Amino acid sequence: MAGESVPEGLDLKEKGEEELWELINDNRHRISLGVRPCIVIPYLRQARVLTEMDEDEILSSHNLTNRSMRTSHMMDILRTQGRNGAVALLESLMIHYPTLYTQVTGCKPSSEPSRFSGLIKYSELTEYLIRAVTAMQNELQEARSENGKMNARCASLESEIQLVVEREENSRRLQAEYERLQRHVSTLQREVTNLKDEKCDLYMRYTAAIEEKSAMNIRLHDLNLQTYQLQTELQKAQTENVFQKRRSLRCVPLAETSQLQQEVRTLRFQLTQIEKLNPVQQAILPHDVIDSQAELGEKLRCSREENEKLHKEKQDLLDQSESLTVQVHQLTLDCNMHQKKSTVIQNQMRELQTERDQAFLSRNEAQIQIASILAEKDTLRSQIMELKKAFSLQDKDRQSSDVRGIACKCDDSPIPNRRKLCRMDAVNPSSQNCFYSKCDNSMASSEEPPSPQSLHIRKGALHEENSLETVETDDLSLDDFVILRNVLNEGKETSTQFVPGRTKSIYSLDKNSVPPFLVRSRPKAIRISGRVVTISFKGDALPSQIVVAGGNKTGVFVHQVTEGSAAHTAGVSHGAQIVEVKYQQNQKAIRVVLEDSTLEEAMWALGQVTDFCHLSLRPRQDDYEALLQQLQNDKMSSGDSFYVRVNVTIPAGPKGTMAVSCNDILHVTNTRPANTDDSWYASQVDAYKLLAHQSRLVPNYYRAQRLLIRAIEEMNFQTRKSEKEGHVVAQNTRKAVRIVSTCQQGRNPLWVSVENEKSKSTESGETSAPRSCMTLMPYTLVTPHFPPICRPVLLLPSILGRILENKVASWQGFELCEPVHNSRLSVFCAYSAQPSSCNSEMLSPSDHSGRLNKSQVLEECGQGSNCCYTLQSVEKVMKKGIHCVLPLGLDCVRRLHRAEIFPIIIFFCQSASSARKLRSKLHRHSLSEEQLLVCSKSEEPLLDKLPCLYHKVAPDLWCDQNSLLTKLRSVLSVEQRKIVWVEPDLW
């Protein structure tokens, strides 16, 4: 506004109260931001529109946290003073804030006394103005001195800046030298790697040659044996041939022939003499000759027979001698063959000893070379570490100098102290780098020469590293990589990391953030069995290249592959299960295990791939065809199947979503139904059997999380609106929301859907949840249990449980859990005036401490008592097939769950009228109604932290103790038949 158009002054006396306050209210925001109450309050006190109590309330109230709130509160107090308050405020602005006065009133401030309203006397006004001018002069002098100090400080800072610039130049030179040395070291490392590869190739070739030589020696030995056997058979055949020839062409010896011829001639000569006898002799000796001739003929016949027998015996002896000769010859040949075999074996042993000596020599040479290479590597590493330390020290010096300069500036500035910001739930990535460190050290840590098996293993590892195409840069260290395990999963195992295990507890709403399901709480063993094939290709817009099907129950399979895409060219085919996917994002190497993930998780993980990726596939064509058959027959809508507990009441939506209540159990069967991106397909589960009541769409995890946050915000807003209405609203909506969040070291067992398009939330008017609220869980994963025997009974509140436990224990099929005596105070128990209620079992101090460490001690009986309730006492009652009444509190539930014991938890809601119904029972136990109400109010919020369901009994369902016990018996019979749903302990 120009100076000519601004009037000289404003007569405040002419305007009324409403006009003045309307003028002030129109500029209320400007006054609240520009006025400091501590400056204008003295004038307002002088004008008697503010009292000392008002001043203390404005300046010292804890509800007024900033200057604007104090100024606004001061104007509210002045509004009660009417016109005097408005006039005094404008006059104080005219004195202390003339520029603001001009902006508010549109007139220049006037220094004439007549322009003041007269709220302050002329003398008092003069004194106040003198004091104000004196204060302004002092402030001016202080500002001038402060300006001089600041000028001197600026000069010193300029000199420090010059020193910092010089140091920065030196650091740049050192950094350039460091980079040059690092490049040199990387070159040397590549040369060492090449030498190692060459040596490995030589070892492999040498091993192959040795194997071929040993195979040839074995083959030569077999051929020699076959040759010796053939030679032996040939000699045997020749010997048998000679024997047959001799036998066929055998003739009688000459001596025997001549003897026989001589006998024949003798007989012929005798026969001729007999024939030459004269007739007288023939007549005298006819009978004698005939007799002698007959005798001779008989003798001749006998001799011939004897001769034939002898001839046969001789022939048999000759045959035996020839057969023995053949056997002797055969044995001689066998002996010669064995001698030759032993000679060949001895020669081979000598050759093997020679080869062994040569192998020992080569091993020693290889050990010497490996030791020298390791020494060189250690030297290079030490040099690198020294350079890194020097460079880090220089960086620290430079940063410390910068921090000192900034700290000095902060000390000089009048900025008030604020709470220090801190990064929440940060994860150290160094704990995830064990995989790379193991792979790196496994190549050069062994001092022994590699065996053929180790060479093949090394070759496979090198091939795997080459398939991953890990790019080694100069300044890229292991801390630049984050490996996520899957856990996932241990089992849910690779685990992670996904990973285990590895763990973030903050879940970002950004599209590129990693869902907490893929981050494992502990290193999880990856369950990868069978033949897995890793395919590397360009993964731009990977969801458009491949379409997946399946889920966490069946596995995620490749359903369709776009022809002509990079995945199709690389060889990805339908029917293969996706085991894991590896890719880089923001210079981080990410590994996501999808073996037990849901369909929504798999589609999210594949959608994060924007560059080169490595897809691990396992061929499971039979399982894929079975999945397709079930999908075509409408037996299942996807491969997902898990149970969740609802933690927020969600009404029916416009898209046909199902209305669910808090603590309902849902069976999710499809995390990515058709024609929707923010819903799951689930069905409500029957309380007594695993049967579905109705199946419809429900909000997915992220959408339900936003609904949960919105419900909490509405509850807080309604609570602040009115104290009376807020109490009613809190009472009505307490069952509508169950607050469940993950701890810092825990892991969200469900998928957190990431907002794929930020425009959706802004267009629909839904605000994103703050970062600190992302641990709220609208669904929690649960598993069903079917207790085969009677479950223990826990009655709450604990004061009411003490009143009813003895009555319930007297029922048939119920027994009270007895405490166990501790022998440490057995002497005091023996001389005690009151009899002990403990059973006969006694615990020694060592047994008591051991059971306490194993969480087998459920609860101590009381302070100063010598008894405790143990897990064994509950199991002893349960073995009888009856209900065990637990006189304990809520702390025992988790200890019982660890032992696979699931108690029936019944909570009786209390009000003033219901407490009056139990007045007589409470007085018998020296208790009051107020104590019962306080106990009920303190224990009821703890029920939502239990990892299981419970039953609440409203106070209007019973009127006296008998009806209460009748209601309790019916509730117990119903709860015993229900399925027990237990969620993982996240607290």
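1. In this predicted model, helix 3 and helix 5 are in contact: P37, V40, I41 and L44 of helix 3 meet R67, R70, T71, M74 and L78 of helix 5. By class, the residues of this contact are six nonpolar, one polar and two charged.

2. The geometry of this pair may be stated as follows. The axes of helix 3 and helix 5 come within 11 Å and cross at roughly 20 degrees. Because angles under 35 degrees count as roughly parallel, helix 3 is roughly parallel to helix 5. The crossing of helix 3 past helix 5 is left-handed.

3. Neighbours within four places in sequence being left aside, M74 is in contact with P37, V40, I41, L44, L50, I58 and L89. M74 is also listed, with I24, L44, L50, L78 and L93, as having the most contacts inside the largest nonpolar core, which has 33 residues.

4. Which helices each supply at least two residues of this core? They are helix 1 (17-26), helix 3 (37-46), helix 5 (67-79), helix 6 (83-96), helix 7 (98-105) and helix 8 (122-248). Helix 6 gives the largest share, eight residues. Another core, of 28 residues, lies apart from this one and includes L795, V885, A915 and L932.

5. Helix 6 also meets helix 7. The axes of these two helices come within 6 Å and cross at roughly 135 degrees; the two are therefore oblique to each other. On the side of helix 6 the residues are L90, L93, M94, I95 and H96, and they meet P98, L100, Y101, V104 and T105 of helix 7. The contact of helix 6 with helix 7 comprises eight nonpolar and two polar residues, with no charged residue.

6. As background, most residues other than glycine have a negative phi, and most peptide bonds are trans. The peptide bond from L796 to P797 is cis, with omega near 0 degrees. P797 is found in the loop between strand 12 (793-796) and helix 21 (798-809).

7. A541 has a positive phi, near 50 degrees, and is placed in the loop between strand 1 (533-538) and helix 14 (542-545). Its relative accessible area of 47% makes A541 partly exposed.

8. Is N586 buried or exposed? With 67% relative accessibility, N586 counts as exposed. N586 lies in the loop between strand 4 (576-585) and strand 5 (588-593), and its phi is positive, near 55 degrees.

Technical notes. Residues are numbered from 1 along each chain as its sequence is written. This is a predicted model: local features need pLDDT of at least 70, side-chain atom pairs count only at pLDDT 80 or more; totals for chains, interfaces and linings use all residues. Side-chain values use heavy atoms; hydrogens and water are left out. A nonpolar core is a set of buried Ala, Val, Leu, Ile, Met, Phe, Trp, Tyr and Cys residues joined through side-chain atoms within 4.5 Å. Buried means under 20% relative accessible area, exposed over 50%, partly exposed in between (1.4 Å probe, protein chains only). Helices (H or I, at least four residues) and strands (E, at least two) are DSSP runs, numbered from the N terminus. Contact means heavy atoms within 4.5 Å. Axes are lines fitted to C-alpha atoms, for helices over the stretch in contact, and angles run from 0 to 180 degrees between N-to-C directions. Angles under 35 degrees count as roughly parallel, over 145 as roughly antiparallel, 65 to 115 as roughly perpendicular and the rest as oblique. A crossing is left-handed if the near helix is turned anticlockwise from the far one by less than a right angle, and right-handed if clockwise. Ala, Val, Leu, Ile, Met, Phe, Trp, Tyr, Cys and Pro count as nonpolar, Asp, Glu, Lys and Arg as charged, and the others, Gly among them, as polar.
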